[in-house]
Amino acid sequence: MILNIGSLNIDHVYQVDTLVRPGETVTSSRYTKGAGGKGLNQSIAAARAGAEVAHAGCIGEDGESLRQTLQHAGVDVTRIDQVTSPTGHAIIQIDREGRNCIVVYSGANHGLQPETVTGWLDGLGPKDTLLLQHEVNEPERWVRLGREKGMRVLLNPAPAAGCVPRSTLEALDALIVNEVEAAELSRTSMPHEALDRLTAWAPKADIIVTLGAAGCIWGRGNQRSTHYAPKVKAIDTTAAGDTFVGYWVAATAMGHTNAAAIEWAIQAAALCVQRVGAAAAIPAIPAPTP
């Protein structure tokens, strides 16, 4: 099973001609409200890829619809707790080129407590996968708890990587970052250089640096590979990275090779960017042959 300890957000999405600049007011041609959060998106992506997925996290009284969205996608929601804080939410602008900028309010997502997380991990072990992002509090602490359980541990340190402790990197089985996050972690803006540094710091982990429309690069120890994305017309890139992460995690958890998992994840992300929305844009596509 994949246990995703991740964020649950209500997304407020505004379609604009150009992304707003400091001091500027722009008019939105379209507004939608829906389910989002990197955690929720990745759980839905993994479930739509066919994996057994459970989501763990916190919502406020206003977040019940997020639980229902996950349940409808086939995700186990028994580890989602309601707390007194408001549900997390995001303000998302999308321009006519499909680019976005996002403001996130953490809310209930930052309410995780050690005793709660320990309970969520009860009964899990080496046959299970723990997935984490940076939209919940203390992700490095939960990495350690997952490692103590013997679980396969994966981290997507997004939306901002900041400084992930070296001890956390060494504990990971996989790290997935985009170009910006890779640069923040490695202190170099060159993706291949960043990959070399990250593989040196986490020699036992699969390291993937996603490159948007260009695809991604992968490394583990001294091994390297480059994977290209199909050319498509992007309408909305909001959940593309989450789709990639969810599909890759699902595919590897189900026994597919790393190369097959990456290609499947790239295909899913390419479909996602041709649709509007976050969770609603995540596709369900047939699994490749293991």
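Colleague: What share of the contacts in the protein chain with a separation of 6 or more comes from residues 24 or more positions apart?
Modeller: Residues 24 or more positions apart account for 63% of them, where a contact means heavy atoms within 4.5 Å. The model is a predicted one, in which local features need pLDDT of at least 70 and side-chain atom pairs count only at pLDDT 80 or more, while totals for chains, interfaces and linings use all residues. Numbering starts from 1 along each chain as its sequence is written, and side-chain values use heavy atoms, with hydrogens and water left out.

Colleague: What makes the protein chain as compact as a globular protein of its length?
Modeller: The chain contains 9 helices and 13 strands, which are DSSP runs numbered from the N terminus (helices H or I, at least four residues; strands E, at least two). Its radius of gyration is 18 Å, close to the 19 Å that the globule rule gives for 290 residues, so the chain is as compact as a globular protein of that length. The radius is taken over C-alpha atoms, and the rule is 2.2 Å times the number of residues to the power 0.38.

Colleague: Why is Y31 called partly exposed?
Modeller: Buried means under 20% relative accessible area and exposed over 50%, with partly exposed in between (1.4 Å probe, protein chains only). Y31 has 43% relative accessibility, and therefore counts as partly exposed. Y31 belongs to strand β3, residues 30-36, and, leaving aside its neighbours within four places in sequence, is in contact with H12, V13 and Y14.

Colleague: What makes a space in this structure a cavity, and what a pocket?
Modeller: On a 1 Å grid over the protein atoms alone, a cavity is a set of points where a 1.4 Å probe fits but cannot get out, whereas a pocket is an open set with protein on both sides within 12 Å along at least five of seven lines; lining residues have an atom within 4 Å of a point. The search of the whole structure finds 1 cavity of 30 Å³ or more, and that cavity is lined by V13, Q15, R30, Y31, T32 and V276. Strand β3 supplies the largest share of this lining, 3 residues.

Colleague: How many residues line the largest pocket, and which lie nearest its centre?
Modeller: There are 46 lining residues, with N178, T237, T238, A240 and G241 nearest the centre. Helix α8 gives the most to this lining, 5 residues.

Notes: Points joined across faces, edges and corners; volume = space filled by probe spheres on them.
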